[in-house]
Amino acid sequence: MKKWYSVLPMVVFLVFLAVMTALLLFGPKGDFSVNEKRVLAQAPDLSPSAILKGETQKELEDFTSDQVPGRDFFVGVNAYWTLATGRNGAQDIYHGRDGYLINSPKPYNEALLTDNLTRFDAFAAKTGLPADLIMVPTTGYLMEDKLPAAHGAYHDDQVYDLAAEKVQALRILDVRETLRAGAKEGQVCYRTDHHLTSYGNYLLAQAYQKAAGGEDLRQDYDDISVYDGFYGTTWSGSGYWLTKPDTVELWDSGAQVTVTLDDGAGQVKTAHSLFFPDHLEDLDKYPVFLDGNHALVTIENPSAPGGSVLVIRDSYAHCFATFLAEKYQKVTLVDLRYFRTPVSDLLAEHPADRLLVLYGVDNLLTDNNSAWLS
Amino acid sequence: MVFSSLPFLFLFLPAVLLVSHILPFRFRNGFLLLANLVFYAYGEPVYVLIMIGSILVNYFCARIMDRAEGQSRRRGVLIVGIVLNLAALGVFKYAGLFVGTLKHIPALSGLPEVNIALPIGISFYTFQAVSYLIDVYWRDCPASDRFVSFACYISLFPQLIAGPIVRYKDVNDQLSHRVETPTLFNSGARLFVVGMAKKVLLANQFSQLWDLTSADPVAAGAAAAWCGAIAYTLQIYFDFSGYSDMARGLGRMLGFEFCINFNYPYISQSVTEFWRRWHISLSSWFRDYVYIPLGGNRCSKVRNCVNILVVWALTGFWHGAGWNFLFWGFYYGVLLLIEKLVLGKYIKRWPKALQWLYAMVIVVIGWVFFASPDLSSALAYLGVMFSGAPGDGTVVLLPWLGLAVIGAVAATPLGKTLWEKYRDRNWMPLAEGVLTLAALLLCVGSLVSDSYNPFLYFRF
């Protein structure tokens, strides 16, 4: 027997350590993780004072874990190993049937949910406008048949029940059945992202139009472009890299619009399309709708039949608003996670005929930026 | 620094292995000492001074004792040395507990708060130092006259943090002469990888289940509470024995041979057997340096019982500065006494499965005392376990079944038996190599994933 073969574990161990160390020290360093959407840690500060304070050690931990060669590969190895040993959902994302990656349920935080609902409701009452509330159900709730057998309970029904108790000024638009029925006809939720598909948003917008007494959306869109290779944020968080990608569809009504994107701090961009094709180059293509997250977005469509609507929303509205734009002369979208001026001032400046609050159920249970309303 | 971390695996370890195998032997202990200090100072930049202090005190105590004329002087030096060692342990490990407890007495409630962080590994290196002083006093081993070698022994990084408790007399020869062969290195690498897999792929995972059930045992219910306690039982074994395996593996890669610390404790068929298999280097330390000097069993029955209770109370208290640890020690002291005096002869007649079940139930209950933050939460948790209360925890448990089976099998000698049966086959090195690679990939995968944090704000 050859000598090296008899000590194969040692050979494997030493080669593995040597290759990993060499690549870590001398290989190319990443600046930004596309999957995690964050800046990666760089080589640590080696000054004696930083070492004594323990800062260097912390930075070294961050550096090695962020710059470890084959980082995404290892995350994938761990994800599939965890799955293979039965712990589906260990990283808060379920590997569901038919390629569905589904966020596990958020804990039912009744206090936060109550705060959010009462703040929205108080604001609606203050404006005196006809106001609606759309709570977009979670993928886990809508696509229950795609979940693994052992999964946590989704709280969407509880959220709807509590909302019915807590809000008066807002009219709740119950979209649970609409979307569940829609899921039998077509794909309502993305498989790799937590948002609704264009079809899902079309159903949502149609339901809104009906409730608001506005003109129906068209039945047929002549111009639907389909793009393959969409890997959403659920996919990025999951490590299940072998999941097949989604497609993203742009349903273009042909409306002549002017879109203004404002991030506060004086940075304003204008465009003449609801879609931002630059993002189709990325793995996460969802920002193709209205260029992703912005503090304040206004869409003007002078030839539309309806008046103006103010939407207080999260990212679920990116795609939804592209349908609304067809029917309203002015759609103003406020994202409280980034918008830092009083919304009442905004309303005084840009009067609206209607108010809509649109949030994903998950965000109602976790996000507390509604505090900026009061 | 812990062994199961990326900076250790990809920076510290490669550097130490490379340099220590390139350097001529006469420089190696010096280099190892430097590496030990870097390893320790990485996590405890200031507390490394305490360890250096301990090295100096013990080195010179032994030197003085070695030269002292007459038994009483030698004994005097020994007592000074032991008191200094235990004082360090008392101040840095137990002062907070003692003062905190005394503050419950109304007259002493004005005592200041004591918040001293525990220097890592102090329980281990202090016990090593005490064993060294006593061995020198007993003339079981010579007092070291090579400071660097001695300092290297006290601070030796593989066993610094979690044992095994190595005695100077066992490694004295290895400090001056080590045989390094590819075969020894190979077995060291294998043992290290096995230990890391136990720690990262099993212990770290089972900890999540215990965290889940112990956070709210009442909501989890009785069945889930049992599963949580069993998960902790597996966690602490794989954590501790994994760490010991890594230590022994690293030792072999550097030419040292350390004692076995765990010998499949969960196949035990009595409490007495469990303690012969669990944390062997600690039990034998207490046996040799406390139990036997107290008179062991060569004394009256009553005295013998007292000796046993003292030793087990101390063993419990060594594990942590909390009254629940003292209780946990007493719990075993009492159970061992019961087995020794009454139950032992009956247990042997039981079916083997029943003997095992009896031992394991006692062990699992024992870990609840050990793992809980205090006595009252331990009792509350045990209350749920024996309440038969239903709960919502069972859904959470289902996904753990696969890992639980892997853990249960890994806690038996099955793997070792198979390996010994087929070790001479031609395909064995290949199988070992493949398993080594798989374990490395999975461990690094798990360690990397701990740091994989998609920036949540963007998930909206």
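Predicted model: local features only at pLDDT ≥ 70, side-chain atom pairs only at ≥ 80, totals over all residues.
**Chain A on its own**

I started with the make-up of chain A and found 14 helices and 14 strands. Next I looked up its extent: the C-alpha trace spans about 85 × 50 × 40 Å along its principal axes. I also checked burial, and buried residues come to 45% of the 374 residues in chain A. Then I turned to contacts in chain A with a separation of 6 or more, and 70% of them join residues 24 or more positions apart.

**Where A meets B**

How many residues of each chain are in contact? I got 48 residues of chain A against 46 residues of chain B. On the chain A side, the elements giving two or more residues are α1 (3–6), α2 (8–26), α3 (48–53), α4 (55–67), α5 (71–84) and α11 (233–238). I noted that α2(A) gives the most, with 11 residues. Sorted by class, this side of chain A has 21 nonpolar, 18 polar and nine charged residues.

**Inside chain B**

I then moved to chain B, which is divided into domain 1 (6–178) and domain 2 (184–407). Their centres, taken over C-alpha atoms, are 26 Å apart. For the contact between them, I counted 22 residues from domain 1 and 21 residues from domain 2. Which elements of domain 1 supply at least two residues each to the side that touches domain 2? My list for chain B reads α1 (6–22), α4 (71–102), α5 (122–137), α7 (157–160) and α8 (168–176). Of these, α5(B) gives the most, with five residues. By class, I have 12 nonpolar, seven polar and three charged residues on that side of domain 1.

Note on methods. Residues numbered from 1 in each chain as written. Chains lettered and ligands numbered in written order. Contact = placed C-beta atoms within 7 Å. Helix = DSSP H or I, 4+ residues; strand = E, 2+ residues; numbered from the N terminus. Nonpolar A, V, L, I, M, F, W, Y, C, P; charged D, E, K, R; others polar. Buried ≥ 20, exposed ≤ 12 C-beta atoms within 10 Å, placed from the backbone. Domains from an automatic or database assignment.
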